[in-house]
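This report looks at one chain and at the side it presents to its partner. Please view the sequence and the structure together.

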Amino acid sequence: MIEFISSFVPADIAAHAPALLVVVPMFLAPITAFMPNGRLAWVLSILATGVSLIMAMVLLSQVRSVDGGGVLSYAMGGWAPDAGIEFRIDSLNAMVLLLVSTIGFLAAIFSWPSVVAEVRDAKRAMFYAAYLVCFTGLCGVASTGDAFNLFVFLEISSIATYVLVALGSGRDRRALPAAINYLLMGTIGASFYGVGVGFLSAATGTLNMADLAIQLQDTSGNRAVQVGFAFILVGLGLKAAMFPLHQWLPNAYAYSPSFVTMFLAATATKVAIYALVRFLFTVFGLEFTFEGSTLIWILMPMGIAAMIACSFQAVFQTDVRRTLAYSSVAQVGYMLLGISIATTAGVSAGLFHLVNHALIKGALFMALAGMVLSYQGTSLNDLKGLGRSAPWTMTAFAIGAVSLIGVPLTAGFQSKFALVSALFDHGWWWAVAVVMSSSLLAVVYMGRILEAVFFRAPSNPNKRRKEAPLLILIPLWILAIANIWVGVQGGFVAGLAEDAAGSLFIGDVS
Amino acid sequence: MLEFILERGNYWAIIGLMMIGLYISFAATNLIKRLIGLGLFQTSIILFYVSLSRIDGGTAPILFGKDYGKSKSHDKAGDYGAEAAEHGADAAHGTYDAAHGYGGEGLENVYSNPLPHVLMLTAIVVGVATLAVGLAVIVRIREAYGTVETDEIREMDLEVAISEAASEAEESRAGAA
């Protein structure tokens, strides 16, 4: 299907797909901000994300048309890399771009009813402008091949995100402290990344990632490189909500507008993990001894700690959004565990889970957004008995929930299975036990919610409760069916993840 | 030893500023002060980059003297546009000419590296944008809570959470009955 759609795109446009993917939403963002009403802004944002989605498909088909995964290099503005900024698309970038733009497109479609309910009329155009800026930033991070450019895109998306989170204050004023906390921590994270890049450029004199990878090989034992690596790890770890650095996440997810939560949960941390993977395996490589020990002594323990500790925290939350937020941190732990194995199978399992988790959390938060719409509040109490009055919304929610737990025939099972088999191959059988017990905790916290939804009588039958509107149901079911489709026939996404991981280890230096 | 420390005076200053900024942004209870700490932290990074770009005996990166004439004859007007168009077409097919880097060779004078300065222009803009968003959010916090002290805000939130939990428990009891 992807090849079919991209065959309609003219060759002149397809040649500039890497730039258009980022530039179209970027230029539409200020135009959106000046739209006289929110509805036009909504249409524009669907348009922008739709163009990006098509461009992402074009890129993917271009990358896949070469055996073993091609590498597209696009010199921004015609300035050749190293002096100019290079957009570099390989299998991994193409996968992440497709994920971000698909979720962005679906999120843009479903957003309207939710935004009408939660954002004031005068602010809607601005809201969509901020959304497009955030989307631009995430796509930029996922496509740039320049380390400093990545910093700029990271900050573009983050600043827009702070605004989006703060807009939740119309519903609950606690969104404001959540936003300022996120701002402080997020800025510190991005700045750490900036310092790290500074150290690398001091040691090598270049900022282009492919060039850095080559130049860094002659710097073994250089203290500046090691310090730079540490700064980058901490900075990107903060953005990705790596275990002890995740404190900003639960509040930001719980109090922002429900559309924003859905979009962020499915994309923002994923893109940060992509950047982390890019630095771990492309810019640096396993030939750096300090990296091997970092993977084993930092990434792996932190991943495991997240899987257990945050799953426990998720069990004790009364607000469903907070439960899902803590579970997000736990799922980041799965991805980090997969990455820390540092074999092709392990990294590909981590990336596979990254895609699947975006589908899962996208569906879950979308269903919650539909619920918030008809029924203010997201505490466990509010959900009681909703299975009967809103069966379509809640069935999709249940599909997401079983996929999160990892029941066979769902996406979550496929990626957990891939992770477990990669762990067995590597001889980390004890980590398999951890994965299993964390999944059991997921059964507990998702089970609590499902029990309340389907088997309890509504706690306050007088409150209005009904099905979510069609605009929410359609994208929601697309995501829910995607969960089952990946679970039954996971070849497509698994293949993407495998290609991506393969490109990291073979295409190290090209 | 002393020489080692003194030679790297700029780095010590930067490390000091960075740590002070980081400490303020974590430890202050006043949100405005936290933002100031953040600003200090970001500024120290700008200093870090700028001091990286210095080359011993280097001057400001503006071509002068013989270098100026050289670059003028080399760089015909309108050349870049045509070249850029060519590159755009090339780049799409995955080929680029690696030889087209900036020429540092053949210059008479020693110049500092201009690249970090350019990067820091972007970083300054990013810092200003962050500060603006932060201050705007703080204004809204002040409107919603009547204070900008984090400990007071936390207390108020805690009270809300406790009362919410209480009312919820009541509601569920009513539902059960």
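## Fold of chain B

In this predicted model, the elements of chain B run α-α-α-α-α-α-α from the N terminus on, a count of seven helices and zero strands. Of the contacts in chain B with a separation of 6 or more, 71% are between residues 24 or more positions apart.

Chain B has 177 residues, of which 26% are buried, and the chain exposes about 11,300 Å², with carbon and sulfur atoms supplying 64% of that area.

## Extent of the interface

Between the two chains, 51 residues of chain B are in contact with 46 residues of chain A. The area buried between chain B and chain A comes to about 4,100 Å², and carbon and sulfur atoms give 73% of it.

## Polar links and contributing elements

One salt bridge is counted between chain B and chain A; B:Glu164 forms a salt bridge with A:Arg174, in which the closest N and O atoms are 3.0 Å apart. The count of residue pairs in polar contact between these chains, both residues being at pLDDT 80 or more, is five.

On the side of chain B that touches chain A, the elements giving two or more residues are helix H2 (9–27), helix H3 (31–52), helix H5 (79–92), helix H6 (115–145) and helix H7 (150–176) of chain B. Among the contributions to this side, H6(B) provides the largest share, with 16 residues. By residue class, the side of chain B that touches chain A divides into 33 nonpolar, 11 polar and seven charged residues.

Conventions: Residues are numbered from 1 along each chain as its sequence is written. Chains are lettered from A and ligands numbered from 1 in the order in which they are written. This is a predicted model: local features need pLDDT of at least 70, side-chain atom pairs count only at pLDDT 80 or more; totals for chains, interfaces and linings use all residues. Side-chain values use heavy atoms; hydrogens and water are left out. Contact means heavy atoms within 4.5 Å. Buried area is the accessible area (1.4 Å probe) that two parts lose on being put together, summed over both. A salt bridge is a side-chain nitrogen of Lys or Arg within 4 Å of a carboxyl oxygen of Asp or Glu. A polar contact is a pair of N or O atoms within 3.5 Å; within protein, one must be able to donate a hydrogen and the other to accept it, and residues adjacent in sequence count only if both atoms are side-chain atoms. Helices (H or I, at least four residues) and strands (E, at least two) are DSSP runs, numbered from the N terminus. Ala, Val, Leu, Ile, Met, Phe, Trp, Tyr, Cys and Pro count as nonpolar, Asp, Glu, Lys and Arg as charged, and the others, Gly among them, as polar. Buried means under 20% relative accessible area, exposed over 50%, partly exposed in between (1.4 Å probe, protein chains only). Accessible areas come from the Shrake-Rupley method with a 1.4 Å probe; for residues, only the protein chains shown count as cover.
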